[in-house]
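Hi,

Here is the structure I promised to pass on. Please have a look at it first; my notes follow below.

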Amino acid sequence: MSAVAQRVETEADAQQELTDGFHLVIDALKLNGIETIYGVPGIPITDLGRMAQAEGIRVVSFRHEQNAGNAAAIAGFLTKKPGVCLTVSAPGFLNGLTALANATTNCFPMILISGSSEREIVDLQQGDYEEMDQLAIAKPLCKAAFRVLHAADIGIGVARAIRAAVSGRPGGVYLDLPAKLFSQVMDAAAGEKSLVKVIDPAPAQIPGPAAVDRAINLLKGAKRPLIILGKGAAYAQADEEIRAFVEKSGIPFLPMSMAKGLLPDTHPQSAGAARSTALKDSDVVILLGARLNWLLSHGKGKTWGEPGSKQFIQVDIEPKEMDSNVEIAAPLVGDIGSVVSALLDRIDGSWQAPPADWIESIRSKKEANIAKMAPKLLKNSSPMDFHGALGSLKKVIAERPDAILVNEGANTLDLARGIIDMYQPRKRLDVGTWGVMGIGMGFAIAAAVETGKPVLAVEGDSAFGFSGMEVETICRYDLPVTIVIFNNNGIYRGTDTDPTGRDPGTTVFVKDSRYDKMMEAFGGVGVNVTTPDELYRAVSAAMDSGKPTLINAVIDPAAGSESGNIGSLNPQSVVVRKK
Ligand SMILES: CC(C)(COP(=O)(O)OP(=O)(O)OC[C@H]1O[C@@H](n2cnc3c(N)ncnc32)[C@H](O)[C@@H]1OP(=O)(O)O)[C@@H](O)C(=O)NCCC(=O)NCCSC(=O)C(=O)O
């Protein structure tokens, strides 16, 4: 090439605006309304995080990918947009996978984006930095998995990930971005054209009229109807329609834990405090975004009364969910908002409220259970038991109904679920379908970031340990998160011993630990409390101040029972060994 031609080409290059993989990923996310990324920086995505922040995306950096992943997952639940988690390759990617799988199980829309090493080297197993076939590993753990090899395909890759995460039954999606992709350069105009805006990412799915007729006829013939609200109903953000359906039909409702607050727990139709009676004695049960999994004893057995005494109507966006455990007499496939609207249209002048004896039997059981519980909640002992401590927190939430409650643990979870009334939708976030420990700080951080509301995380001492280092993240971003650790020195209880006398018992922790000191180490507020009154005052002050606070609540080490309320799943040894 002549010197003149070279000069002409250089000038043309100088005028040509360029973009690269980094910027295309950011532009694709922004075009689709992704405003926040949760992640942990490192090779090869450090600059992606920096640049995303510079371009106006909020980037929240965590201390461990599992917590960033949990944050992304619950952001998806709260917003109906996929929460994005960004990780480094192999080990960081693996750390994010638990959250991705948990998101998929819980039907939370989430995208795990991980950098990865070079395809050519990985496929020949030549020992690249953090070499791993991440796409193959992610596939069975999520709803969909994609890899983008060319900058020109980033737009499509991001679009496919978003649509896969939120359409139909929401879930986790993996997006694999090899390191080389980020520095691939292309013409900026062509790059912009390659981006895809996802139109109507989760289209409404309207139920067929015959399916609606079948369900309404069944409900009309019911003597003891029951509505079970699941977290799918909470996710749908069809709050007004659901409330109208419950109130116009007059049917008692039972919320699953993350559906609490869709209608207030204090609502006269709530059967939450009469759970056994409602499940056992009902004859027609409508499941609204709730699955008949272990949490509902698979729809059979003694929880559900006489065999054959039940008929189920199930509302779910996923047709395969029907008949998963027992026969579904009236399947209603569609999105919750569309199905509930269709049902509501049919609650007209001919509708008759459920028989008075059914309503009365729920009411009287509920009142008896509440009356039995009431004195336990007032106990102002030191050290505290679970009921006394939770009585205080019940008051705190009643006074701040728009606060978000995050909850995990065994006794701390089971008792808080019943005791702390919720008043508004999507305010209770917990361990979900898997009963997984470790969601605490990730959920609390995302709840604060996404909603700006005060967050109260009520944590068993064991559960907190899985994500405890994120208190630094909470302080760093100055989030309005109050953490209460129910500290009874161990898992379930703090009294276990090693029969050989050699080591601590397998379920105990260091006695009388001061978790509040952890918060102080990072500039947050730490408080140690020993009575329910002190707890009430400390939590109220913390939530009003909006300052990151950790309250170490000293609970009697002998308080608490084993198993985290999963009864039948706890195997018991039948062998007695001779010494
Ligand atoms: C399986 C369940 C859905 C059902 O449990 P049940 O014990 O049958 O029901 P609940 O806990 O909801 O309620 C217990 C009883 O309290 C009553 N109840 C409910 N609310 C109230 C109020 N406000 N006042 C008075 N009484 C009440 C309710 O009607 C029941 O009484 P009756 O009506 O009289 O029966 C639940 O336990 C659950 O969600 N479990 C998940 C546990 C979990 O995920 N654990 C994590 C594992 S921990 C771990 O990792 C590990 O241990 O290992």
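Asp283 is buried, yet it has no salt bridge. Keep in mind that this is a predicted model. The nearest side chain of opposite charge belongs to Arg224, 4.6 Å away.

What does the side chain of Asp283 have for polar partners? The backbone nitrogen of Lys223 lies 2.8 Å from one of its polar atoms. The backbone nitrogen of Arg224 also lies 2.8 Å from a polar atom of the Asp283 side chain.

Asp283 sits in the loop between helix H14 (275-281) and strand S11 (284-288). Leaving out residues up to four places away in sequence, Asp283 touches Ala222, Lys223, Arg224 and Pro225, plus Ser309, Lys310 and Gln311.

Next, helix H2, which spans residues 21-31. At its start, a side-chain oxygen of Asp20 comes to within 3.3 Å of the backbone nitrogen of Phe22. Phe22 is itself buried, as are Gly21, Leu24, Val25, Ile26, Ala28 and Leu29. After H2 comes Gly33, with a positive phi near 75 degrees.

Last, the annotation. An unreviewed UniProt entry lists residues 411-552 as "domain: Thiamine pyrophosphate enzyme TPP-binding". Over that range the chain is 37% helix and 18% strand. The end C-alpha atoms of the range are 16 Å apart.

Best wishes

Methods:
Residues are numbered from 1 along each chain as its sequence is written. This is a predicted model: local features need pLDDT of at least 70, side-chain atom pairs count only at pLDDT 80 or more; totals for chains, interfaces and linings use all residues. Side-chain values use heavy atoms; hydrogens and water are left out. UniProt positions are given in the numbering used here, feature names are shortened, and annotations may be inferred rather than shown by experiment. Helices (H or I, at least four residues) and strands (E, at least two) are DSSP runs, numbered from the N terminus. Buried means under 20% relative accessible area, exposed over 50%, partly exposed in between (1.4 Å probe, protein chains only). A polar contact is a pair of N or O atoms within 3.5 Å; within protein, one must be able to donate a hydrogen and the other to accept it, and residues adjacent in sequence count only if both atoms are side-chain atoms. Lys and Arg count as positive and Asp and Glu as negative; His and the chain ends are not counted. A salt bridge is a side-chain nitrogen of Lys or Arg within 4 Å of a carboxyl oxygen of Asp or Glu. Contact means heavy atoms within 4.5 Å.
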